There are 6 protein chains.
Amino acid sequence: MVQAPWLPSLITATPREGFALAVTLSQKGVATTQLDVEFRRAQRPEYAEDADSLVTVSHVIATHFQTIVAANDYWRE
Amino acid sequence: MVQAPWLPSLITATPREGFALAVTLSQKGVATTQLDVEFRRAQRPEYAEDADSLVTVSHVIATHFQTIVAANDYWRE
Amino acid sequence: MVQAPWLPSLITATPREGFALAVTLSQKGVATTQLDVEFRRAQRPEYAEDADSLVTVSHVIATHFQTIVAANDYWRE
Amino acid sequence: MVQAPWLPSLITATPREGFALAVTLSQKGVATTQLDVEFRRAQRPEYAEDADSLVTVSHVIATHFQTIVAANDYWRE
Amino acid sequence: MVQAPWLPSLITATPREGFALAVTLSQKGVATTQLDVEFRRAQRPEYAEDADSLVTVSHVIATHFQTIVAANDYWRE
Amino acid sequence: MVQAPWLPSLITATPREGFALAVTLSQKGVATTQLDVEFRRAQRPEYAEDADSLVTVSHVIATHFQTIVAANDYWRE
């Protein structure tokens with residue numbers, strides 16, 4: 001089981017913070033598979049410079065954002 | 001945390017503007033991973049000329065559009 | 001912002017027209033990234049002849065179709 | 001606009017027929033991009049024999065099936 | 001049309017059985033494209049030993065599981 | 001049919017535990033295809049060191065997380 005002091009809630013004050021949370025969740029998904037922090041630091045430049053990987057990261061963010069948006073009931077009132 | 005003066009709301013007046021917002025979000029997803037603006041400018045032509053990447057970008061837009069469409073309750077009345 | 005005289009509505013009379021709209025949206029997603037019409041015309045045969053890309057295009061259409069189907073409340077009644 | 005005498009409805013009598021419709025929709029998505037029937041016939045063996053493409057086809061079917069299942073309200077009563 | 005004596009219902013008694021059904025559906029999606037059983041038997045070891053394909057299979061299962069979970073109303077009560 | 005003493009429920013106490021369950025489900029999806037535990041152990045370092053596969057694993061987790069979040073009604077009260 002992953003036990004980390006993050007993600008206390010899916011609720012955010014604004015869409016912008018919701019998007020930032022989606023970015024965090026997408027990075028966490030990579031982190032749970034590759035636990036070696038040093039290795040990930042070394043590799044991030046790799047997928048940050050590969051067009052295909054960058055676009056796929058953007059897709060993961062989109063999926064998490066969809067979840068967060070629903071959790072916040074679209075920040076309607 | 002990403003802090004940017006964008007995305008005040010998911011609400012748009014028309015489906016067309018909703019689609020444009022989906023495009024913006026898909027680009028933002030790339031931007032959060034690759035922060036170097038110069039690098040992205042140099043790279044965009046690369047994935048804009050690769051058939052596979054272009055189709056995947058279109059998929060990311062589709063996912064964000066789905067979110068935005070729901071947020072706007074399909075622009076029904 | 002993309003400003004184009006398309007996509008006045010997500011509502012279509014039939015499932016068939018809804019599917020056609022999903023195809024249009026998937027192509028528009030490619031168009032927003034690659035603005036050069038001549039280039040796209042030249043490239044379309046490329047991904048239209050690559051098995052992997054064809055299948056991925058079909059996935060993008062599936063995602064847009066899901067959105068459109070919900071917008072039309074499944075064309076029930 | 002795609003105009004074909006298919007897809008009169010998303011409603012099917014059973015989950016099994018719903019899955020078959022999802023398969024049809026996934027194939028139609030390929031067909032709208034590659035209009036040359038002869039070419040597609042020649043190519044189908046190609047992606048039917050490539051492990052990666054086969055799995056991606058299965059993903060497209062899964063997305064369409066999700067849509068159809070919702071349209072049929074899960075065939076509950 | 002695919003006609004097979006499988007998938008009588010999307011309802012399962014437990015989440016665990018729901019996950020098993022998602023696995024079955026993902027395999028069926030491959031089967032509808034590649035009808036030659038002998039060929040699939042020969043190929044399965046191939047994508048079962050390729051890291052990329054394994055992860056994509058896992059994604060297809062995730063999509064079907066999402067469908068089945070909704071069909072079973074999350075097995076709440 | 002997969003029969004394993006896991007996944008008694010989709011309900012978790014917190015978002016954090018929900019995310020951990022999503023990670024477990026994504027790994028289970030790989031396990032159902034590649035049953036040889038020794039083989040998977042040997043291969044995991046492979047996709048844990050490949051940027052593309054890591055990002056795709058993160059996408060699978062995102063899809064399962066979406067399911068779990070809905071099952072838990074967003075952990076709203």
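**Helix contacts, burial and surface charge**

Trainee: Which residues does C:Ile61 touch, not counting residues up to four places away in sequence?
Mentor: The model is predicted, and a contact requires heavy atoms within 4.5 Å. Leaving out residues up to four places away in sequence, C:Ile61 touches C:Phe19, C:Ala22, C:Val23, C:Ser26, D:Gly29 and D:Thr32.

Trainee: Is C:Ile61 buried or exposed?
Mentor: C:Ile61 lies in helix H3 of chain C, residues 51–71. Its relative accessible area is 0%, and the cut-off for burial is under 20%. C:Ile61 is therefore buried.

Trainee: How many Å apart in space are C:Ile61 and C:Gln27, C-alpha to C-alpha?
Mentor: Along the sequence, C:Ile61 and C:Gln27 are 34 residues apart. In space, their C-alpha to C-alpha distance is 9.0 Å.

Trainee: Why does F:Phe65 count as buried?
Mentor: F:Phe65 belongs to helix H3 of chain F, residues 51–71. A residue is buried under 20% relative accessible area. F:Phe65 counts as buried because its relative accessibility is 0%.

Trainee: Which residues does F:Phe65 touch, not counting residues up to four places away in sequence?
Mentor: From chain A, the residues touched by F:Phe65 are A:Leu7, A:Leu10, A:Leu25 and A:His64. From chain F, beyond four places in sequence, F:Phe65 touches F:Pro15, F:Gly18, F:Phe19, F:Ala22 and F:Trp75.

Trainee: What distance separates the C-alpha atoms of F:Phe65 and F:Leu25?
Mentor: F:Phe65 and F:Leu25 are 40 residues apart along the chain. The separation of their C-alpha atoms is 9.3 Å.

Trainee: Which residues are in contact with F:His64, leaving aside its neighbours within four places in sequence?
Mentor: F:His64 is found in helix H3 of chain F and is buried because its relative accessibility is 0%. Among the residues in contact with F:His64 are F:Ala22, F:Leu25 and F:Ser26 of chain F. From chain E, the contacts of F:His64 are E:Phe19, E:Ser58, E:Ala62 and E:Phe65.

Trainee: What is the relative accessible area of A:Val30?
Mentor: A:Val30 has its place in helix H1 of chain A, residues 15–33. A:Val30 is buried, as its relative accessible area is 5%.

Trainee: What share of the 77 residues in chain A do buried residues make up?
Mentor: Chain A has 3 helices and 0 strands, in the pattern α-α-α along the sequence. Of the 77 residues in chain A, the buried share is 58%.

Trainee: What share of the accessible surface of chain A belongs to carbon and sulfur atoms?
Mentor: The accessible surface of chain A comes to about 3400 Å². The share belonging to carbon and sulfur atoms is 52%.

Trainee: What value is phi of D:Trp75 near?
Mentor: Most residues other than glycine have a negative phi. D:Trp75, in the segment after H3 of chain D, is buried because its relative accessibility is 18%. Phi of D:Trp75 is positive, near 55°.

Trainee: What value is phi of A:Tyr74 near?
Mentor: A:Tyr74 is found in the segment after helix H3 (51–71) of chain A. Phi of A:Tyr74 is a positive value in a residue other than glycine, near 65°.

Trainee: What is the relative accessibility of D:Asp52?
Mentor: D:Asp52 lies in helix H3 of chain D. D:Asp52 is one of the residues gathered in a surface patch of negative charge, which also includes D:Asp50, C:Asp52 and E:Asp52. D:Asp52 counts as partly exposed because its relative accessibility is 34%.

Note on methods. Residues are numbered from 1 along each chain as its sequence is written. Chains are lettered from A and ligands numbered from 1 in the order in which they are written. This is a predicted model: local features need pLDDT of at least 70, side-chain atom pairs count only at pLDDT 80 or more; totals for chains, interfaces and linings use all residues. Side-chain values use heavy atoms; hydrogens and water are left out. Helices (H or I, at least four residues) and strands (E, at least two) are DSSP runs, numbered from the N terminus. Buried means under 20% relative accessible area, exposed over 50%, partly exposed in between (1.4 Å probe, protein chains only). Patches are made of residues with over 30% relative accessible area and no salt bridge: like charges are joined within 9 Å, nonpolar side chains (Val, Leu, Ile, Met, Phe, Trp, Tyr) within 5 Å. Accessible areas come from the Shrake-Rupley method with a 1.4 Å probe; for residues, only the protein chains shown count as cover. A salt bridge is a side-chain nitrogen of Lys or Arg within 4 Å of a carboxyl oxygen of Asp or Glu. Lys and Arg count as positive and Asp and Glu as negative; His and the chain ends are not counted. The place of a charge is taken as NZ of Lys, CZ of Arg, CG of Asp or CD of Glu.
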